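Here is my note for you to read alongside the sequence and the structure. Please keep both in view and find each residue as it comes up.

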Amino acid sequence: LSRPEVFQHLKEERAGRTFGITHCQHPYIDKINSAGDWLVGGKVTVLRELRYNDGLDQYRLSPAQLRATFEELGADAVFVFQLRNPVHNGHALLMQDTAARLKAQ
């Protein structure tokens, strides 16, 4: 991490912008509220690319590789859906609806 910057952790704002609610009984909002009062950011230098050798490494692209791919595809919009669990029907419907709305624009 180079050129580190320290920011006040605006927990309520972060929770509201991330989840649309600030209710402290939500498990992730509780994690945010339990965290420290400061955040550190800066330029991150990757020392060594991670490889899992699980047959999926070709899909794990860096931000620079993703930007190049989007440019190559001529993409004028990109939507991202990050999950910690396998995709289920509700996720699939949400992704399909988001794609349809983007294409309609």
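1. Which side chain meets that of R51 in a salt bridge? The partner is E49, and the N to O distance of this pair is 2.7 Å. Please bear in mind that the model is a predicted one, and that every distance quoted here is computed from it. E49 itself is partly exposed, with a relative accessible area of 45%.

2. Because the two residues are four places apart in helix α1, E13 and R17 are separated by about one helical turn. E13 is partly exposed, at a relative accessible area of 40%, while R17 counts as exposed, at 70% relative accessibility.

3. Helix α4, which covers residues 89–104, holds both R101 and D97, and these two are four residues apart, about one turn of the helix. Their side chains meet in a salt bridge with an N to O distance of 2.8 Å. R101 is exposed, its relative accessible area being 57%, whereas D97 is partly exposed, with a value of 35%. Salt bridges can also share partners, and in this way D54, D57 and R60 are joined into one network.

4. D57, a member of that network, deserves a paragraph of its own. The residue lies in the loop between β2 (38–43) and α3 (63–73). Is D57 buried or exposed? It counts as buried, because its relative accessibility is 10% and the cut-off for buried is under 20%. A polar atom of the D57 side chain lies 3.0 Å from the backbone nitrogen of Y52, and a polar atom of that side chain also lies 2.8 Å from the backbone nitrogen of N53. When neighbours within four places in sequence are left aside, D57 is in contact with R51 and Y52.

5. Finally, please look at H9, which is found in the loop between β1 (2–8) and α1 (11–19). H9 counts as buried, at 7% relative accessibility. Which residues does H9 contact, once its neighbours within four places in sequence are left aside? They are R14, I32, A35, G36, D37, W38 and L39.

Note on methods
Residues are numbered from 1 along each chain as its sequence is written. This is a predicted model: local features need pLDDT of at least 70, side-chain atom pairs count only at pLDDT 80 or more; totals for chains, interfaces and linings use all residues. Side-chain values use heavy atoms; hydrogens and water are left out. Buried means under 20% relative accessible area, exposed over 50%, partly exposed in between (1.4 Å probe, protein chains only). Contact means heavy atoms within 4.5 Å. A salt bridge is a side-chain nitrogen of Lys or Arg within 4 Å of a carboxyl oxygen of Asp or Glu. A polar contact is a pair of N or O atoms within 3.5 Å; within protein, one must be able to donate a hydrogen and the other to accept it, and residues adjacent in sequence count only if both atoms are side-chain atoms.
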